[in-house]
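Here is a friendly tour of one protein model. Take a look at it first, and then we'll walk through some of its features.

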Amino acid sequence: MTAPAYRRLTVEQRRGQLIGHALALFAHRVPEDVSLDDVAAAAGVSRPLVYRYFPGGKQQLYEAALRSAADRLEQCFDEPAVGPLIERLDRALSRYLAFVDEFDTGFMALLQGGSVVGTSRTSAIVDEVRRDAAHQILRHLEAPEPGPRLRMTVRTWITAVEGASLIWLDEGKQPPLSELRAWLLNHLVALLVATAADDPETAAATRRALALERPDGPVGDLIRRALPLAADAAHLLEPAGPSDQAEASDQAGREPGWDS
């Protein structure tokens, strides 16, 4: 008789196999609805064998699956710093959204702490993904040690990507993934430009990025479509009157600075 398949696998291979099956189950069912028996059945092994590799039970297996998912997500943003910025991030975002699409309804439980089996360790894994994504984007912006405004801009965009991904799943994966990706990239450009208006560091990073963009690229297309809207608001370019300037100055004096 042929020996059981598990005897032909090394420890790491078996662990990887069990994690893979658990991750596949968590992809479409929240973790609290997945049992060790489910994982054992999917892997074609016994429940005691699962415990042999994960003596901490489902919590340990869940954390291992989350770690595996986090590693994949961190790899999504690992993109060579070559070519136009938005084209680089387009490729990274394509990989990220493909992951969201693949893991479907389990995305919230895996990456948003939406599970009763979540702990401080699982939250730390999720936060690590966000920090790594921010680090990668700031690297592409050539700002390894960003000031508070640029750092907040990038972190705000990452939050928007995460939130939009969840809304996209809730809306039955509409609009099409390509439209969602294009909208998110445009959102980043808009955030950078808005922050650059008041922050020299962000302005310098944005200028560097725009200098690499091509006229026939996505940023060129965005600017061509946005300019007519700006033209319709030309009246806003008129100089402010003395009373308006005084009010703006008084308001600025009352608002706390970013570094306060």
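## Starting with a threonine

Let's begin at T195, which is buried, with a relative accessible area of 15%. Here, buried means under 20% relative accessible area, exposed means over 50%, and partly exposed is in between, using a 1.4 Å probe and protein chains only. T195 lies in helix α9, which covers residues 177-196. (Helices are DSSP runs of H or I with at least four residues, strands are DSSP runs of E with at least two, and both are numbered from the N terminus.)

What does T195 touch, leaving aside its neighbours within four places in sequence? It is in contact with R149, T153 and T202, where contact means heavy atoms within 4.5 Å. T195 and L150 are 45 residues apart in sequence, yet their C-alpha atoms are 7.4 Å apart in space.

## What kind of model this is

This is a predicted model, where local features need pLDDT of at least 70 and side-chain atom pairs count only at pLDDT 80 or more, while totals for chains, interfaces and linings use all residues. Residues are numbered from 1 along each chain as its sequence is written, and side-chain values use heavy atoms, with hydrogens and water left out.

## The whole chain

How many helices and strands are there in the protein chain? It has twelve helices and zero strands. Of its 260 residues, 39% count as buried. Among contacts between residues at least 6 apart in sequence, 67% join residues at least 24 apart.

T202 is found in helix α10, residues 200-212, and is buried, with a relative accessible area of 0%. Not counting residues up to four places away in sequence, T202 touches R149, L150, L192, T195 and A196.

The two helices, α9 and α10, pack at an angle of about 135°, with their axes 7 Å apart. The axes are lines fitted to C-alpha atoms, for helices over the stretch in contact, and angles run from 0 to 180 degrees between N-to-C directions. α9 and α10 are therefore oblique to each other: angles under 35 degrees count as roughly parallel, over 145 as roughly antiparallel, 65 to 115 as roughly perpendicular, and the rest as oblique. Their crossing is left-handed, meaning that the near helix is turned anticlockwise from the far one by less than a right angle, whereas clockwise would be right-handed. The contact is made by L192, V193, T195 and A196 of α9 together with T202, A203 and T206 of α10. These residues divide into four nonpolar, three polar and no charged.

## Where α7 meets α8

Next come helix α7 (residues 120-140) and helix α8 (residues 148-170), whose axes come within 10 Å and cross at roughly 125°. That makes α7 oblique to α8. This time the crossing is right-handed. On the α7 side, the contact is made by R130, A133, A134, I137 and L138, and on the α8 side by L150, V154, R155, W157, I158 and E162. They divide into eight nonpolar, no polar and three charged.

## One side of α2

Which residues of helix α2 (residues 36-43) are buried? They are L36, V39, A40 and A43. They cover an arc of only 100° around the axis, which puts them on the same side of α2; the arc is that of the directions from the helix axis to the C-beta atoms. An α-helix has 3.6 residues a turn, so residues three or four places apart point the same way. What covers the buried residues of α2 includes α1 (11-28), α3 (47-53) and α4 (58-76).

Most residues other than glycine have a negative phi, and most peptide bonds are trans. E142, in the loop between α7 and α8, has a positive phi of about 60° although it is not a glycine.

The loop between α8 and α9 holds K173, another non-glycine residue with a positive phi of about 60°. P175 has its place in the loop between α8 and α9 too, and a cis peptide bond joins Q174 and P175, with omega about 0°.

Terms used: Ala, Val, Leu, Ile, Met, Phe, Trp, Tyr, Cys and Pro count as nonpolar, Asp, Glu, Lys and Arg as charged, and the others, Gly among them, as polar.
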